[in-house]
Amino acid sequence: MTRLRNLRRSKIIRDSLGHHHVERRQLIYPLFITSGHGVKKEISTLPSQYIYSPDVLLKEMEKLVDLGLNKFLLFGEAHEKDFLGTGAYDSDGSVATTIRGLKEVFGDSIFLISDVCLCPYTSHGHCGIPDKTTGEIKNDESISLIAKSALTFAEAGSDWVAPSDMMDFRVGAIRKTLDANGLTKTGILSYSVKFASAYYGPFRGAIDSSPRFGDRSTYQMDPRDMRQVSREISQDIAEGADAVMVKPALAYLDVIKTVRNLTDLPVAAYNVSGEYTMVKESASKGLVEERGIVLENLGSMVRAGADWVITYHARELLERNWLE
Ligand code: PBG
Ligand code: ZN
(Lines give C-alpha, C1' and ligand atoms only; values in the text may rest on other atoms or scores of the structure.)
(Ligands and ions follow the chains in the order given, each with its own letter.)
Protein backbone atom coordinates (compact mmCIF):
# COMPACT_ATOMS: atom_id res chain seq x y z
CA MET A 1 0.00 0.00 0.00
CA THR A 2 1.17 3.56 -0.72
CA ARG A 3 0.08 6.92 0.58
CA LEU A 4 -1.74 8.05 -2.59
CA ARG A 5 -2.16 11.57 -1.28
CA ASN A 6 1.60 12.11 -1.79
CA LEU A 7 0.82 12.68 -5.48
CA ARG A 8 -1.65 15.43 -4.56
CA ARG A 9 0.21 17.13 -1.72
CA SER A 10 1.39 20.28 -3.53
CA LYS A 11 0.25 22.38 -6.46
CA ILE A 12 3.53 21.70 -8.27
CA ILE A 13 3.07 17.96 -8.21
CA ARG A 14 -0.64 18.21 -9.10
CA ASP A 15 0.12 20.49 -12.05
CA SER A 16 2.91 18.19 -13.20
CA LEU A 17 0.49 15.28 -13.39
CA GLY A 18 -2.49 17.08 -14.90
CA HIS A 19 -2.40 15.29 -18.24
CA HIS A 20 -6.07 15.39 -19.08
CA HIS A 21 -6.58 19.06 -19.47
CA VAL A 22 -7.88 21.16 -22.34
CA GLU A 23 -5.24 23.38 -23.94
CA ARG A 24 -5.61 26.59 -25.90
CA ARG A 25 -4.33 25.00 -29.12
CA GLN A 26 -7.34 22.64 -29.06
CA LEU A 27 -10.05 25.30 -28.93
CA ILE A 28 -12.33 26.17 -31.84
CA TYR A 29 -14.58 29.17 -31.24
CA PRO A 30 -17.98 29.42 -32.98
CA LEU A 31 -18.92 32.82 -34.44
CA PHE A 32 -22.30 34.04 -35.66
CA ILE A 33 -22.58 36.38 -38.62
CA THR A 34 -25.59 38.37 -39.79
CA SER A 35 -26.20 40.82 -42.60
CA GLY A 36 -25.98 44.61 -42.40
CA HIS A 37 -23.47 47.03 -40.93
CA GLY A 38 -22.49 48.03 -37.44
CA VAL A 39 -24.19 45.07 -35.75
CA LYS A 40 -22.93 43.51 -32.52
CA LYS A 41 -25.83 42.05 -30.62
CA GLU A 42 -25.79 39.73 -27.63
CA ILE A 43 -27.64 36.51 -28.46
CA SER A 44 -30.54 36.17 -26.03
CA THR A 45 -30.42 32.37 -26.01
CA LEU A 46 -26.61 32.23 -25.66
CA PRO A 47 -25.46 34.51 -22.84
CA SER A 48 -22.13 36.33 -23.52
CA GLN A 49 -22.17 35.29 -27.19
CA TYR A 50 -22.71 37.83 -29.95
CA ILE A 51 -23.88 38.00 -33.50
CA TYR A 52 -21.88 40.31 -35.76
CA SER A 53 -22.21 41.94 -39.12
CA PRO A 54 -19.14 41.35 -41.34
CA ASP A 55 -17.63 44.82 -40.74
CA VAL A 56 -17.82 44.56 -36.95
CA LEU A 57 -16.46 41.02 -36.85
CA LEU A 58 -13.50 42.19 -38.86
CA LYS A 59 -12.69 44.63 -36.07
CA GLU A 60 -13.43 42.17 -33.24
CA MET A 61 -11.16 39.52 -34.72
CA GLU A 62 -8.12 41.51 -33.63
CA LYS A 63 -9.13 41.03 -29.98
CA LEU A 64 -9.90 37.34 -30.43
CA VAL A 65 -6.52 36.77 -32.03
CA ASP A 66 -4.81 38.72 -29.22
CA LEU A 67 -6.44 36.34 -26.74
CA GLY A 68 -4.76 33.47 -28.54
CA LEU A 69 -7.74 32.08 -30.44
CA ASN A 70 -6.87 30.99 -33.98
CA LYS A 71 -9.57 28.53 -35.12
CA PHE A 72 -13.14 29.61 -35.75
CA LEU A 73 -16.33 27.88 -36.84
CA LEU A 74 -18.54 30.27 -38.81
CA PHE A 75 -22.35 30.29 -38.82
CA GLY A 76 -24.65 32.56 -40.77
CA GLU A 77 -27.99 34.02 -39.77
CA ALA A 78 -30.35 34.76 -42.65
CA HIS A 79 -33.42 36.97 -42.57
CA GLU A 80 -34.44 36.08 -46.09
CA LYS A 81 -35.21 32.40 -46.35
CA ASP A 82 -36.62 30.37 -49.24
CA PHE A 83 -37.53 26.81 -50.14
CA LEU A 84 -34.14 25.95 -51.67
CA GLY A 85 -32.01 27.88 -49.17
CA THR A 86 -30.40 30.00 -51.86
CA GLY A 87 -28.69 32.18 -49.23
CA ALA A 88 -26.45 29.18 -48.46
CA TYR A 89 -24.72 29.52 -51.82
CA ASP A 90 -24.81 33.27 -52.28
CA SER A 91 -21.24 34.45 -52.79
CA ASP A 92 -22.30 37.94 -51.64
CA GLY A 93 -23.89 36.57 -48.45
CA SER A 94 -22.67 37.64 -45.03
CA VAL A 95 -20.56 34.53 -44.33
CA ALA A 96 -18.74 34.57 -47.68
CA THR A 97 -18.19 38.34 -47.34
CA THR A 98 -16.76 37.87 -43.85
CA ILE A 99 -14.42 35.09 -44.98
CA ARG A 100 -13.02 37.27 -47.77
CA GLY A 101 -12.56 40.22 -45.41
CA LEU A 102 -10.92 38.19 -42.64
CA LYS A 103 -8.56 36.35 -44.98
CA GLU A 104 -7.48 39.63 -46.58
CA VAL A 105 -6.43 41.02 -43.21
CA PHE A 106 -5.39 37.96 -41.21
CA GLY A 107 -4.29 35.49 -43.90
CA ASP A 108 -2.98 32.23 -42.52
CA SER A 109 -2.73 33.50 -38.96
CA ILE A 110 -6.33 32.36 -38.48
CA PHE A 111 -7.98 29.11 -39.52
CA LEU A 112 -11.57 29.41 -40.71
CA ILE A 113 -13.97 26.50 -40.79
CA SER A 114 -17.38 27.24 -42.32
CA ASP A 115 -20.41 25.33 -41.14
CA VAL A 116 -22.24 24.09 -44.23
CA CYS A 117 -25.97 23.51 -43.95
CA LEU A 118 -29.18 24.68 -45.53
CA CYS A 119 -31.28 25.09 -42.35
CA PRO A 120 -30.35 28.72 -41.57
CA TYR A 121 -31.42 29.65 -45.10
CA THR A 122 -34.51 27.53 -45.76
CA SER A 123 -38.08 28.75 -45.20
CA HIS A 124 -38.99 25.32 -43.74
CA GLY A 125 -35.91 25.21 -41.48
CA HIS A 126 -34.78 21.75 -42.58
CA CYS A 127 -31.16 20.85 -43.38
CA GLY A 128 -32.23 19.44 -46.74
CA ILE A 129 -34.99 19.98 -49.27
CA PRO A 130 -38.42 18.46 -48.50
CA ASP A 131 -40.57 16.68 -51.03
CA LYS A 132 -43.46 19.08 -51.64
CA THR A 133 -46.17 16.45 -51.17
CA THR A 134 -44.78 14.04 -48.59
CA GLY A 135 -42.51 16.40 -46.64
CA GLU A 136 -39.76 13.78 -46.73
CA ILE A 137 -36.29 15.33 -46.78
CA LYS A 138 -34.77 14.36 -50.11
CA ASN A 139 -31.18 13.17 -49.96
CA ASP A 140 -29.61 13.34 -53.39
CA GLU A 141 -31.28 16.62 -54.36
CA SER A 142 -30.05 18.17 -51.10
CA ILE A 143 -26.41 17.17 -51.34
CA SER A 144 -25.87 18.99 -54.62
CA LEU A 145 -27.01 22.23 -52.95
CA ILE A 146 -24.92 21.47 -49.88
CA ALA A 147 -21.87 20.94 -52.11
CA LYS A 148 -22.67 24.25 -53.82
CA SER A 149 -22.69 25.97 -50.44
CA ALA A 150 -19.35 24.39 -49.50
CA LEU A 151 -17.91 25.61 -52.80
CA THR A 152 -19.13 29.15 -52.10
CA PHE A 153 -17.30 29.28 -48.75
CA ALA A 154 -14.20 27.57 -50.12
CA GLU A 155 -14.00 30.04 -53.02
CA ALA A 156 -14.30 32.89 -50.52
CA GLY A 157 -11.19 31.51 -48.79
CA SER A 158 -12.45 29.29 -45.98
CA ASP A 159 -9.63 26.95 -44.93
CA TRP A 160 -12.03 24.08 -44.27
CA VAL A 161 -15.75 23.40 -44.53
CA ALA A 162 -17.87 21.49 -42.03
CA PRO A 163 -21.09 19.90 -43.32
CA SER A 164 -23.63 19.56 -40.49
CA ASP A 165 -26.68 18.33 -42.41
CA MET A 166 -26.33 14.53 -41.97
CA MET A 167 -27.44 13.65 -45.50
CA ASP A 168 -25.81 10.52 -46.95
CA PHE A 169 -22.84 11.00 -49.30
CA ARG A 170 -22.48 14.74 -48.77
CA VAL A 171 -18.80 14.50 -47.85
CA GLY A 172 -18.08 12.76 -51.16
CA ALA A 173 -20.18 15.29 -53.08
CA ILE A 174 -18.33 18.18 -51.44
CA ARG A 175 -14.89 16.65 -52.05
CA LYS A 176 -15.72 16.06 -55.72
CA THR A 177 -17.09 19.59 -56.22
CA LEU A 178 -14.12 21.23 -54.50
CA ASP A 179 -11.60 19.18 -56.49
CA ALA A 180 -13.38 19.87 -59.79
CA ASN A 181 -12.98 23.57 -59.03
CA GLY A 182 -9.31 23.36 -58.14
CA LEU A 183 -9.92 23.69 -54.41
CA THR A 184 -8.00 20.56 -53.47
CA LYS A 185 -6.50 22.20 -50.38
CA THR A 186 -9.81 22.96 -48.70
CA GLY A 187 -10.29 20.38 -45.95
CA ILE A 188 -13.50 18.79 -44.70
CA LEU A 189 -14.38 18.47 -41.02
CA SER A 190 -17.44 16.25 -41.13
CA TYR A 191 -20.15 16.32 -38.52
CA SER A 192 -19.98 12.53 -38.79
CA VAL A 193 -21.76 11.47 -35.64
CA LYS A 194 -24.45 14.01 -34.98
CA PHE A 195 -27.42 13.04 -32.86
CA ALA A 196 -30.98 14.38 -33.04
CA SER A 197 -30.57 16.17 -29.74
CA ALA A 198 -32.54 18.47 -27.47
CA TYR A 199 -29.22 20.19 -26.69
CA TYR A 200 -29.38 22.31 -29.87
CA GLY A 201 -32.29 24.45 -28.66
CA PRO A 202 -30.36 27.67 -27.81
CA PHE A 203 -28.48 27.52 -31.13
CA ARG A 204 -31.69 27.27 -33.12
CA GLY A 205 -33.06 30.19 -31.13
CA ALA A 206 -29.95 32.21 -31.96
CA ILE A 207 -30.30 31.97 -35.73
CA ASP A 208 -33.97 31.00 -36.08
CA SER A 209 -33.21 27.62 -37.66
CA SER A 210 -35.79 25.30 -36.08
CA PRO A 211 -37.67 23.06 -38.50
CA ARG A 212 -41.09 24.58 -39.23
CA PHE A 213 -42.67 21.12 -39.48
CA GLY A 214 -41.61 17.74 -38.11
CA ASP A 215 -38.13 17.27 -36.67
CA ARG A 216 -34.65 16.20 -37.77
CA SER A 217 -34.91 12.55 -36.74
CA THR A 218 -34.93 11.16 -40.29
CA TYR A 219 -31.43 12.53 -40.88
CA GLN A 220 -29.74 13.18 -37.53
CA MET A 221 -28.87 10.04 -35.56
CA ASP A 222 -31.02 8.43 -32.88
CA PRO A 223 -29.48 8.99 -29.42
CA ARG A 224 -30.43 5.43 -28.49
CA ASP A 225 -28.63 3.62 -31.31
CA MET A 226 -24.84 3.51 -31.08
CA ARG A 227 -24.49 0.75 -33.65
CA GLN A 228 -24.56 3.28 -36.49
CA VAL A 229 -21.55 5.16 -35.13
CA SER A 230 -18.78 3.17 -36.74
CA ARG A 231 -20.48 3.03 -40.14
CA GLU A 232 -21.06 6.80 -40.16
CA ILE A 233 -17.37 7.29 -39.37
CA SER A 234 -16.02 4.84 -41.94
CA GLN A 235 -18.26 6.12 -44.67
CA ASP A 236 -17.25 9.74 -44.11
CA ILE A 237 -13.58 8.74 -44.12
CA ALA A 238 -14.04 6.73 -47.32
CA GLU A 239 -15.73 9.76 -48.91
CA GLY A 240 -12.75 11.98 -48.07
CA ALA A 241 -13.28 13.56 -44.65
CA ASP A 242 -10.08 15.05 -43.20
CA ALA A 243 -11.42 15.06 -39.65
CA VAL A 244 -14.54 13.82 -37.90
CA MET A 245 -16.81 15.21 -35.21
CA VAL A 246 -18.99 13.92 -32.42
CA LYS A 247 -21.90 16.14 -31.42
CA PRO A 248 -23.15 16.79 -28.75
CA ALA A 249 -20.21 16.01 -26.47
CA LEU A 250 -21.13 15.67 -22.81
CA ALA A 251 -23.91 13.12 -23.05
CA TYR A 252 -21.82 11.20 -25.61
CA LEU A 253 -18.34 10.95 -24.07
CA ASP A 254 -18.47 7.20 -24.63
CA VAL A 255 -18.99 7.85 -28.34
CA ILE A 256 -15.99 10.20 -28.47
CA LYS A 257 -13.91 7.39 -26.99
CA THR A 258 -15.31 4.86 -29.46
CA VAL A 259 -14.55 7.17 -32.38
CA ARG A 260 -11.03 7.82 -31.03
CA ASN A 261 -10.43 4.08 -31.16
CA LEU A 262 -11.90 3.76 -34.65
CA THR A 263 -9.69 6.26 -36.45
CA ASP A 264 -6.40 8.14 -36.42
CA LEU A 265 -8.04 11.13 -38.07
CA PRO A 266 -8.44 14.20 -35.87
CA VAL A 267 -11.57 13.96 -33.71
CA ALA A 268 -13.52 17.09 -32.79
CA ALA A 269 -15.98 17.27 -29.90
CA TYR A 270 -18.75 19.87 -30.14
CA ASN A 271 -19.66 21.26 -26.72
CA VAL A 272 -23.03 22.43 -28.02
CA SER A 273 -25.31 25.32 -27.11
CA GLY A 274 -27.47 23.47 -24.56
CA GLU A 275 -24.38 22.23 -22.73
CA TYR A 276 -23.11 25.82 -22.62
CA THR A 277 -26.35 27.40 -21.39
CA MET A 278 -26.80 24.84 -18.61
CA VAL A 279 -23.43 25.96 -17.25
CA LYS A 280 -23.99 29.69 -17.80
CA GLU A 281 -27.45 29.70 -16.25
CA SER A 282 -26.46 27.80 -13.13
CA ALA A 283 -23.26 29.82 -12.74
CA SER A 284 -25.20 33.09 -13.06
CA LYS A 285 -27.40 31.96 -10.17
CA GLY A 286 -24.32 31.25 -8.09
CA LEU A 287 -25.16 27.56 -7.91
CA VAL A 288 -21.85 26.34 -9.36
CA GLU A 289 -18.38 27.80 -9.81
CA GLU A 290 -18.10 28.45 -13.54
CA ARG A 291 -14.35 27.97 -13.98
CA GLY A 292 -14.37 24.58 -12.31
CA ILE A 293 -17.38 23.34 -14.26
CA VAL A 294 -15.99 24.51 -17.60
CA LEU A 295 -12.56 22.96 -17.06
CA GLU A 296 -14.08 19.67 -15.90
CA ASN A 297 -16.45 19.56 -18.88
CA LEU A 298 -13.86 20.41 -21.51
CA GLY A 299 -11.28 18.19 -19.82
CA SER A 300 -13.65 15.24 -20.05
CA MET A 301 -13.89 15.67 -23.83
CA VAL A 302 -10.10 15.69 -24.16
CA ARG A 303 -9.83 12.67 -21.86
CA ALA A 304 -12.36 10.81 -23.98
CA GLY A 305 -10.09 11.37 -26.98
CA ALA A 306 -10.98 14.67 -28.65
CA ASP A 307 -8.15 16.53 -30.38
CA TRP A 308 -10.25 19.62 -30.89
CA VAL A 309 -13.00 21.10 -28.73
CA ILE A 310 -15.55 23.40 -30.31
CA THR A 311 -16.91 25.53 -27.49
CA TYR A 312 -18.71 28.81 -26.79
CA HIS A 313 -16.66 28.99 -23.57
CA ALA A 314 -13.42 29.51 -25.53
CA ARG A 315 -13.37 33.31 -25.46
CA GLU A 316 -14.16 33.74 -21.76
CA LEU A 317 -11.81 30.91 -20.86
CA LEU A 318 -8.94 32.99 -22.24
CA GLU A 319 -10.25 36.41 -21.19
CA ARG A 320 -10.41 35.22 -17.60
CA ASN A 321 -7.10 33.34 -17.76
CA TRP A 322 -8.79 30.13 -16.69
CA LEU A 323 -6.23 27.97 -18.44
CA GLU A 324 -3.34 29.38 -16.38
C1 PBG B 1 -27.05 23.21 -38.32
C2 PBG B 1 -26.34 23.12 -37.00
C3 PBG B 1 -26.89 22.95 -35.73
C4 PBG B 1 -25.82 23.02 -34.84
C5 PBG B 1 -24.66 23.19 -35.58
N6 PBG B 1 -24.99 23.25 -36.92
C7 PBG B 1 -28.30 22.82 -35.28
C8 PBG B 1 -29.13 21.72 -35.72
O9 PBG B 1 -28.67 20.71 -36.26
O10 PBG B 1 -30.35 21.88 -35.58
C11 PBG B 1 -25.94 22.94 -33.33
C12 PBG B 1 -24.90 23.70 -32.57
C13 PBG B 1 -25.22 23.94 -31.13
O14 PBG B 1 -26.27 23.54 -30.58
O15 PBG B 1 -24.38 24.57 -30.49
N16 PBG B 1 -27.32 22.00 -38.91
ZN1 ZN C 1 -28.88 22.16 -40.58
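## S94 and its surroundings

S94 touches I33, T34, S35, P54 and E77, leaving aside residues up to four places away in sequence. This is a predicted model. S94 lies in helix 3. With a relative accessible area of 16%, S94 falls under the 20% cut-off and is therefore buried.

One of the residues that S94 touches is E77. E77 sits in the loop between strand 4 (71–76) and helix 3 (94–106).

## E77, a charged residue without a salt bridge

E77 is buried but has no salt bridge. The nearest side chain of opposite charge belongs to K41, and it is 5.0 Å away.

The side chain of E77 does have a polar contact with the side chain of T34, at 2.6 Å. Leaving aside residues up to four places away in sequence, E77 touches I33, T34, S35, I51, S94, A206 and I207.

## Helix 2

Helix 2 covers residues 54–67, which makes 14 residues. From its first C-alpha to its last it reaches 20 Å, close to the 20 Å expected at 1.5 Å a residue. Helix 2 bends by about 30 degrees at E60. After the helix comes G68, which has a positive phi, near 105 degrees.

The buried residues of helix 2 are P54, V56, L57, E60, M61 and L64. They pack against strand 1 (27–33), strand 2 (40–42), strand 3 (50–52), strand 4, helix 3 and helix 11 (314–319). E60 has a relative accessibility of 12% and therefore counts as buried. The side chain of E60 also meets that of K63 in a salt bridge, at 3.2 Å from N to O. Both residues lie in helix 2, three residues apart, which is about one turn of the helix.

## Helix 5 and its link to helix 7

The buried residues of helix 5 (residues 170–180) are R170, V171, A173, I174, R175 and L178. These residues pack against helix 4 (139–156), strand 8 (160–163), strand 9 (187–194) and helix 7 (229–239). Helix 5 is followed by G182, whose phi is positive, near 75 degrees.

The side chains of R170 and D236 form a salt bridge, at 3.6 Å from N to O. This pair links distant parts of the chain, with R170 in helix 5 and D236 in helix 7, 66 residues apart. R170 counts as buried because its relative accessibility is 2%. D236 counts as buried because its relative accessibility is 4%.

## Salt bridges and a network

Side chains of opposite charge can pair when their charged atoms come close. How many salt bridges are there? The count comes to 18.

Among them is the one between E290 and K280, whose side chains meet at 2.8 Å, N to O. It links distant parts of the chain: E290 is in helix 10 (residues 290–304) and K280 is in helix 9 (residues 273–284), 10 residues apart. Both E290 and K280 are buried. Salt bridges with shared partners join K280, E290, E316 and R320 into one network.

## A243 in strand 10

Is A243 buried or exposed? A243 has a relative accessible area of 0%, so it is buried. A243 lies in strand 10 (residues 243–247).

Leaving aside residues up to four places away in sequence, A243 touches W160, I188, L189, S190, L265, P266 and W308. The C-alpha atoms of A243 and G299 are separated by 20 Å, and these two residues are 56 residues apart along the chain.

Technical notes:
Residues numbered from 1 in each chain as written. Chains lettered and ligands numbered in written order. Predicted model: local features only at pLDDT ≥ 70, side-chain atom pairs only at ≥ 80, totals over all residues. Heavy atoms only, no water. Helix = DSSP H or I, 4+ residues; strand = E, 2+ residues; numbered from the N terminus. Buried < 20%, exposed > 50% of the residue type's maximum accessible area, 1.4 Å probe, protein only. Lys, Arg positive; Asp, Glu negative; His and termini not counted. Salt bridge = Lys/Arg side-chain N within 4 Å of Asp/Glu carboxyl O. Polar contact = N/O pair within 3.5 Å; in protein donor to acceptor, adjacent residues only side chain to side chain. Contact = heavy atoms within 4.5 Å. Expected span 1.5 Å × (residues − 1). Bend = angle between axes of the 7 residues up to and from the residue.
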